[in-house]
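User: I would like to learn how to read a structural model feature by feature. Could you take me through one, giving the general idea before the particular case?

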Amino acid sequence: MPAELRERFAAEVMRHLTEVRRTVETNCDYVGDRFAEEARRIHYGETDPRGIYGEATDKEAEELKEEGVTFGRIPWLPRTNS
């Protein structure tokens, strides 16, 4: 793949990931490192369903998957001032 095409593709991917971050931050509750705990509470009906985001270790993510908790992992780009 030519370098110019790679650069355009990378820029487009970054643009989409930035938009995903903006959408998640606007529409979901940040729960920090309590993500796995909150995801379980929602999954098991212990709290009202809502969109959440935060951090989970690989082990926590695997355990959530084994329990049938629906979630996604996305690359979280740092904010830029541009």
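Predicted model: local features only at pLDDT ≥ 70, side-chain atom pairs only at ≥ 80, totals over all residues.

User: Are Arg40 and Glu67 buried, partly exposed or exposed?

Analyst: Burial is read from relative accessible area, where under 20% is buried and over 50% is exposed. Arg40, at 22%, therefore counts as partly exposed, and Glu67, at 30%, also counts as partly exposed.

User: How many salt bridges does the structure hold, and which residue forms one with Glu38?

Analyst: The structure holds 12 salt bridges. Glu38 forms one of them with Arg41, the closest N and O atoms being 3.1 Å apart, and both residues lie in helix α2, 3 residues apart, which is about one turn of the helix. Glu38 is buried at 4% relative accessibility, whereas Arg41 is partly exposed with a relative accessible area of 29%. The two also take part in a network of salt bridges that links Asp29, Arg34, Glu38, Arg41 and Arg50.

User: Which residue forms a salt bridge with Lys59?

Analyst: Lys59 forms a salt bridge with Glu63, with 2.9 Å between the closest N and O atoms. Lys59 and Glu63 are separated by about one helical turn because they are 4 residues apart in helix α3. Lys59 is exposed at 59% relative accessibility, while Glu63 is partly exposed at 27%.

User: Which residues of α2 are buried, and what covers them?

Analyst: The buried residues in α2 are Phe35, Ala36, Glu38, Ala39 and Ile42. They lie on the same side of α2, because they cover an arc of only 165° around the axis. What covers the buried residues of α2 includes strand β1 (29-32), strand β2 (52-54) and helix α3 (58-67). Just after α2, Gly45 takes a positive phi of about 75°.

User: How do β1 and β2 run, parallel or antiparallel?

Analyst: Strands β1 and β2 run parallel and are joined by 3 bridges, and Tyr30 stands opposite Tyr53 in β2. The chain crosses from β1 through α2 to β2, and this β-α-β crossover is right-handed. As a general idea for reading strands, side chains in a regular strand alternate between the two faces of the sheet.

User: Where does Ala56 lie, and which residues is it in contact with?

Analyst: Ala56 lies in the loop between β2 and α3 and is partly exposed, with a relative accessible area of 25%. Leaving aside neighbours within four places in sequence, Ala56 is in contact with Phe35 and Arg73. The C-alpha atoms of Ala56 and Gly32 are separated by 8.4 Å, although the two residues are 24 residues apart along the chain.

Conventions: Residues numbered from 1 in each chain as written. Heavy atoms only, no water. Buried < 20%, exposed > 50% of the residue type's maximum accessible area, 1.4 Å probe, protein only. Helix = DSSP H or I, 4+ residues; strand = E, 2+ residues; numbered from the N terminus. Arc of directions from axis to C-beta. Contact = heavy atoms within 4.5 Å. Pairing = 2+ DSSP bridges. Right-handed = clockwise from strand over helix to strand, strands pointing away. Salt bridge = Lys/Arg side-chain N within 4 Å of Asp/Glu carboxyl O.
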